[in-house]
Structure formats: C-alpha cells, structure tokens
Amino acid sequence: MANYTFFHLVLLVLLFSSHEVEKTCSWGREMVNHEEHDTYTVEVKSLTPATTCKGQAQVRGLTLAHRQGLCSPLAANRQSRNSRVTFLRDQARVRSINILRQSRMLTTGDFGENAQLPIRGGYPGAGEFVVTIGLGTPKVDLTLIFDTGSDITWTQCEPCPNCYHQQDRLFKPSESSTSSNPPCSQSKCTYSINYADESHSDGYYIRDLLTLTPEYKFPNFIFGCGQNNSHDFGTAAGMLGLGQGGTTLISQIALEFSQIFCYCIPGSESSNGYLLFGSDALLKCQTDSYTPIISDPNNPSFYFVNLVGIAFGKQKISFSPESQQSSPTRTIIDSGTTITRLPPPIYSAVRTEFVRFMSNYPVAPPLPPLLDTCYDLRGQKNVTMPKMVLQFEKTLVSLDPSAVVWRESDAQVCLAFAPNRISPDFVIIGSVQQRNLNILYNIQDNKVEFGNGGCGN
C-alpha cells in the first residue's frame, strides 16, 4: 500500500509539473507539447494571400494593415507586394538599429517645464504596417506608419516647403481650434530625424487634440509637424511612434492607458490586424505567458528581451554566452523590422534543420537580398515543415506556420530568417515572426505577454 501511495504521489507531481510547463507556452495556433510534436503539416493554399481583403473580427481600437496589402487604407499602395523594395527597406532599418548599438546618438527632451529642444537624432527607418488616427478640431484622419522602435509621432503640415505626396490631405494647424504651441526652451520647438536609408523628416512640434477612437480623445498631444520630408514614406502621412521614450504616444497617454498596449499582426497582407490600448488591450491580450522587458539606457526606445534559445524541428539551439556576447539585452521585439535577424551561427543551425526537413521538395532560387533558402512547392497540397518555438526568459512562444516561411509564390517559398552581418549585432524579432500572435506590452510592469491572436484568419 505504501508503494502504491508513493507511485500516485510521483504521478501527481509529474502531472502538475507538466501542467505548469504547458501554462507558460504561448502558441500561435494550437497548444501542444513541442517536445513530442516537432512538425507542422500545412496546406500550401493556406500560405497564399486572398485576392480580396478578408478584414477582421471587430474589436475596439485601431485597425492595423500592411501598407502594400489589399486591406491598406492607402489606396495607391494596394498592389502586389514588391519583396525587393521591402527587403531593401528592412536592410536599411537593421543597419540603423545596429549603428545605434555601436554609437549612441544623444537626444534630449521631455516636453516638461525643463524641456530641452530641439531634438536631433538617428532612428530606424519606416515599417510596413499602418494605422489611422485623428488630429485636430475638426478631426483630420491621417494614416501613419506604425513603429514600436520610434520615439516621435509626426505628420506633414501645411504650409509645407518640401512635402512628398500623401493620400490624406495635409494637416493645417491654423484650421484647428485646439492647436497650440508646446512648452520648450526656444521660440519654436524643432525636430530633425535622419533614417538609415537617407530618408528624413524635419519640422517643428505642435500640440493638438489626438483622437484614437470615438471613446478615446487626448487634448494637448505633442507631435511633429513635418516641413522638409524626403519622398521615402510611400503615401502615408507620417509616423506613429510607440517606443518607450518620454516623447512617444504611449508616454503621453499613460494616465488613461497605464502604458499598456497590444497588437496582432495578421498572417498575410490580405487581412487586417489590430492595435489596442489600456483595459481593451488587457481584455483581449492578457495571458500568463510573459517575458521581462530589459532596460537598456543606451537604447531606451526599444523593447529588449532575453531570448535564450530556439527549438526548431528536432534541434534545440541555445544562445550561449559566446553567441550572446555575455549580454542579456541583445534581442529586440520590433514591429518595423520585417525579417528576424539571428547571429550567423544560430542562423546556420536553423537553416541546416530547415534544409533537412525540406529535402523532399525541389530547391528554388534564393530571394535576394535577404532570403537564401527557398523551395518549389508547386503541385503540393500539403507541406511538412519544422515547428519553431522561441525560448524567452520565463516563457516559450510557438510561431504560426506563416511566421516560419515567406511565400513569394508557390514556386518560391523561403525560410523567413536572415543572418546578421556580425554576431554582436542585435537579434531582432521581426514582424513576420510576430504573425497571428497577440503581443501585449506592459511597460509599467516591465513585461511583454504573448497569446494566440489569430487576427485575420
């Protein structure tokens, strides 16, 4: 009887331990034990974007759309995806982020009583997703690029000596009854942003009413009025900065939303995602699966986390102290980077495993300038691919199948990762790998939470 009791005690402990491990896993589409299930069987047609916008389930908040996709509010941008242009923009952004790693570019300014302006600095280039907000009274709707790596929200303002063509009409501060000048140390607060791809925006700061939704309006929101802007932002009206700095959207609306927001990036350009704030974000996105946000005073805008390993197929790849350069702050979750960047030895191990799994499919040409491992899946109904799990400190995140590969066509389906130029460069989790996940940023509690988003499915 004693042996029988001991056996049952051991069994209960094992069951409880298994339950606790499962609770800490956030899965893109399904919850399974990744130790036992290391592959996906995916319908090839599920990787093919729809020919019309699929939309999304209605949620409170802002609609998130790919700026070149069928759901884009930028009508002129609704076209077939140009991967080369996307990848060149992506290379410029990653180069910019790693320039910041090598040499901190000082910026100052908090818009308080002791504000020190102008602000001048280098920031990452533009991302691929847009949202529409309202500014001024009467409200002017403006479609801005959504960027978790930028501090400053800006739009082009009339009169404008050097503005590019945007779809929305230019914002006119003189026609807004709620417009005013922000406090600063000079007669006119100015800003200057130079991106790595040589695009730029220069202008002055203004204060006006921000309308996110009919329920959420914020007077005295400070944003940039672009006066001299390069022609590199498509037809978007500017940038929505969701980084961690004191000038960002999140910091300026913290009283209402407690520095909490969540987004879901859709699995294809033919679907919409969403961007939620505060209690709406918690209601939709809060989970028990989280990893700490790691502070980096040299790069305060970015959301750094500790990525400790990757499970890919049958391989468990650890980020050793050597590959991490003994630094816990080298991984960034970034909405504006498209393709995830890995240290060269980690990428090589991931690529080797992918090649092993895909050995039954014909090899296709690479997709320059980023993707070097592609396969021809024409005529295939289903494809078996290795499952990928990102192993963060305190949690595991299983990626959606659409986050593992980039489909250029059925004849060219590629591994959707790229190596960094050198190992010390930042590891960056790009938007492709964030597909169909709810990602909740709780800056106040210093954590990022992950859950099943499934937006646009």
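Which residues does Phe357 touch, not counting residues up to four places away in sequence? In this predicted model, the list runs to Asp38, Thr39, Gly313, Lys314, Thr384, Met385 and Pro386. Phe357 sits in helix α6, which spans residues 344–357. With a relative accessible area of 15%, Phe357 falls under the 20% cut-off and therefore counts as buried.

Now for the nonpolar cores. The largest one has 76 residues, and the members that touch the most others are Leu212, Phe261, Tyr263, Leu275 and Phe277. Tyr263 has contacts with Leu64, Phe146, Thr148, Tyr274, Leu275, Ile333, Ser335, Gln434, Leu437, Asn438, Ile439 and Tyr441, once residues up to four places away in sequence are set aside. Another core, of 14 residues, lies apart from the largest one and has Ile145, Trp154, Cys189 and Tyr205 among its members.

Then there is Gln412, part of strand β26 (residues 412–415). Its relative accessibility is 14%, so Gln412 is buried as well. A polar atom of the Gln412 side chain lies 3.1 Å from the backbone oxygen of Pro366. Pro366 also turns up among the contacts of Gln412 beyond four places in sequence, along with Ala364, Pro365, Leu367, Cys374, Tyr375, Trp406 and Arg407.

Definitions and conventions:
Residues are numbered from 1 along each chain as its sequence is written. This is a predicted model: local features need pLDDT of at least 70, side-chain atom pairs count only at pLDDT 80 or more; totals for chains, interfaces and linings use all residues. Side-chain values use heavy atoms; hydrogens and water are left out. Helices (H or I, at least four residues) and strands (E, at least two) are DSSP runs, numbered from the N terminus. Buried means under 20% relative accessible area, exposed over 50%, partly exposed in between (1.4 Å probe, protein chains only). A polar contact is a pair of N or O atoms within 3.5 Å; within protein, one must be able to donate a hydrogen and the other to accept it, and residues adjacent in sequence count only if both atoms are side-chain atoms. Contact means heavy atoms within 4.5 Å. A nonpolar core is a set of buried Ala, Val, Leu, Ile, Met, Phe, Trp, Tyr and Cys residues joined through side-chain atoms within 4.5 Å.
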